[in-house]
Amino acid sequence: MKKIAIIDYGVGNLRSVYRGLERAGADATITADAAVIAAADGIVLPGVGAFREGMEMLGDLQETVIAASREVPVLGICLGMQMLMESSEEHGTHNGLGLVPGSVKRFPPAPGMKVPHMGWNSLRIEQDDPLFDGLMNERYVYFVHSFYAATTPECTLTTTEYICPFASSIKSGNAYGVQFHPEKSGAVGLRLLENFIERIC
């Protein structure tokens, strides 16, 4: 059974991510121990809230995640995905982990469109990747976010349309990110977590 470390840095609903990974068949551990994280077969970086706070709370574990990503896959979820990026424009300019090129931007204002983007929306698969094995195009997943990752087409696995097209899942090297919440996305999210565990880790 694959050992998955869920990073506990005081931001996010860790228990729902933990339960999702357990249902997907992982031996999951919620931890802030750098040694446990470094020894895992895969790492999950969840998170909700503001970018700067997330990076500050991650603290010294930033270097642990960066080093581990050279050897094992890392999956960022929601804020965790945004933290994989080089920088964010949320409440000023702030540096991210730099594992995926690009920056995090706020949705532009649009008549009749609310921010945050909240609820179910579809994924358009832009390139084949094991993370989406067995998942058809235009499947629906659950989002809650006001900012989105602007990255290169090469790093964009799926796009979603809300106010503007944006990268809803990304990949660079061993770093994966999903803007949506797979643990809240029913059978589609469960299959994605299973793929991360079985095909990637």
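I began with His-181, which lies in the loop between E14 and H6; helices (H or I, at least four residues) and strands (E, at least two) are DSSP runs numbered from the N terminus. The model is predicted, so local features need pLDDT of at least 70 and side-chain atom pairs count only at pLDDT 80 or more, while totals for chains, interfaces and linings use all residues. Residues are numbered from 1 along each chain as its sequence is written, and side-chain values use heavy atoms, with hydrogens and water left out.

I looked up the burial of His-181 and found it buried, at a relative accessible area of 5%; buried means under 20%, exposed over 50%, and partly exposed in between (1.4 Å probe, protein chains only). Not counting residues up to four places away in sequence, His-181 touches Val-48, Ile-77, Cys-78, Tyr-142 and Val-144, where contact means heavy atoms within 4.5 Å.

I then consulted the UniProt record, an unreviewed entry, which lists Cys-78, His-181 and Glu-183 under "active site". They span 106 residues in sequence, yet no two of their C-alpha atoms are more than 11.0 Å apart, so they gather at one spot. Such annotations may be inferred rather than shown by experiment.

Cys-78 is buried, at 6% relative accessibility. Beyond four places in sequence, its contacts include Gly-47, Val-178 and His-181.

Lastly, I checked Ser-185, in the loop between strand E14 (175–178) and helix H6 (186–200). Ser-185 is buried at 2% and, sequence neighbours up to four places away aside, touches Trp-120, Val-141, Tyr-142 and Phe-180.
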